[in-house]
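Below are my comments on the structure you sent, as numbered points. Please read them with the sequence and the coordinates open.

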Amino acid sequence: LADGRLADRRVWAQFGPEPMPGPLQEVIAQIVVGPDGCALDAEGCIWVADPIHRRCLRVEEGGKIIEEIQAPEGLAMVACMLGGDDGRTLLLSAATGYLENATGVLVTTRVEVPHAGLP
């Protein structure tokens, strides 16, 4: 909306049932995809970081996973973006954990479908 509020909210993709409440490790074990940062590509799919499962996924509307990139050993993907001169470089923000002693790195790979619009 003109004032910045969101409208016409809908579920674009769902990856499984909502986890049942309980101890943290039990809740995490129920999560099929733990989406974090994401990026839209020119075919209307999104790349979504999944730090819980240490990967980045390309997903089409409805939730079908059509590509998967595993994080390097010891890292979890926390955000992603499509960029580079031709929009086909997938930039992946990765970290060794979530605590104050975590180390972050930027990992890149090439993909076939470029970004949508401007990064």
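1. Arginine 54 lies in the loop between β2 and β3. This is a predicted model, and the comments below should be read with that in mind. Arginine 54 is not a glycine, yet its phi is positive, at about 55°. Most residues other than glycine have a negative phi. The residue counts as partly exposed because its relative accessibility is 38%, a value that falls between the 20% limit for buried and the 50% limit for exposed.

2. Aspartate 8 is another non-glycine residue with a positive phi, again of about 55°. Its place is in the segment before α1. Is aspartate 8 buried or exposed? With a relative accessibility of 76%, aspartate 8 counts as exposed, since the class begins over 50%.

3. Arginine 9 also belongs to the segment before α1, the helix that spans 24–30. Its relative accessible area is 86%, so arginine 9 is classed as exposed. Between the C-alpha atoms of arginine 9 and cysteine 38 there is a separation of 17 Å, and the two residues are 29 residues apart along the chain.

4. As to the overall make-up, the protein has one helix and seven strands. Read from the N terminus, the order of elements is α-β-β-β-β-β-β-β. The C-alpha atoms fill a box of roughly 45 × 35 × 30 Å along the principal axes. The protein has 119 residues, and buried ones make up 32% of them. Among contacts with a separation of 6 or more, 35% are between residues 24 or more positions apart.

5. In general, the strands of a sheet pair through backbone hydrogen bonds, either parallel or antiparallel.

6. Within this sheet, the pairing of β3 with β4 can be followed residue by residue. Strand β3 covers residues 55–59 and pairs with β4 in the antiparallel sense over five bridges. Leucine 57 has glutamate 68 as its bridge partner in β4, while valine 59 has isoleucine 65 as its partner in that strand. The hairpin of β3 and β4 has five residues between the strands, and glycine 62 in this hairpin takes a positive phi near 105°.

7. Aspartate 50 deserves a look in the viewer. It sits in strand β2, which covers residues 46–50. Why does aspartate 50 count as buried? Its relative accessibility is 0%, and the class takes in values under 20%. Leaving aside residues up to four places away in sequence, aspartate 50 touches Val32, Val33, Gly34, Arg55, Leu57 and Met77. One of these contacts, Leu57, is the residue whose bridge partner in β4 is glutamate 68.

8. A further open sheet is built from three strands, ordered β5-β6-β7, and its pairing is antiparallel. The edge strands here are β5 (76–83) and β7 (104–110), each pairing on one side only. The twist from one strand to the next averages 25° in this sheet. Strand β6 takes in residues 89–95 and runs antiparallel to β5, to which it is joined by seven bridges. Across this pairing, glycine 83 stands opposite threonine 89 in β6.

9. The last point concerns the largest pocket, which holds about 390 Å³ of space. Which residues are closest to its centre? They are Ala13, Gln14, Phe15, Val33 and Pro35, out of 18 residues that line the pocket. By type, the lining divides into 13 nonpolar residues, three polar and two charged. Val33, named among the residues closest to the centre, is also one of the residues that aspartate 50 touches.

Definitions and conventions:
Residues are numbered from 1 along each chain as its sequence is written. This is a predicted model: local features need pLDDT of at least 70, side-chain atom pairs count only at pLDDT 80 or more; totals for chains, interfaces and linings use all residues. Side-chain values use heavy atoms; hydrogens and water are left out. Helices (H or I, at least four residues) and strands (E, at least two) are DSSP runs, numbered from the N terminus. Buried means under 20% relative accessible area, exposed over 50%, partly exposed in between (1.4 Å probe, protein chains only). Two strands pair if DSSP finds at least two bridges between them. Axes are lines fitted to C-alpha atoms, for helices over the stretch in contact, and angles run from 0 to 180 degrees between N-to-C directions. On a 1 Å grid over the protein atoms alone, a cavity is a set of points where a 1.4 Å probe fits but cannot get out, and a pocket is an open set with protein on both sides within 12 Å along at least five of seven lines; lining residues have an atom within 4 Å of a point. Grid points are joined across faces, edges and corners, and a volume is the space filled by probe spheres set on the points. Ala, Val, Leu, Ile, Met, Phe, Trp, Tyr, Cys and Pro count as nonpolar, Asp, Glu, Lys and Arg as charged, and the others, Gly among them, as polar. Contact means heavy atoms within 4.5 Å.
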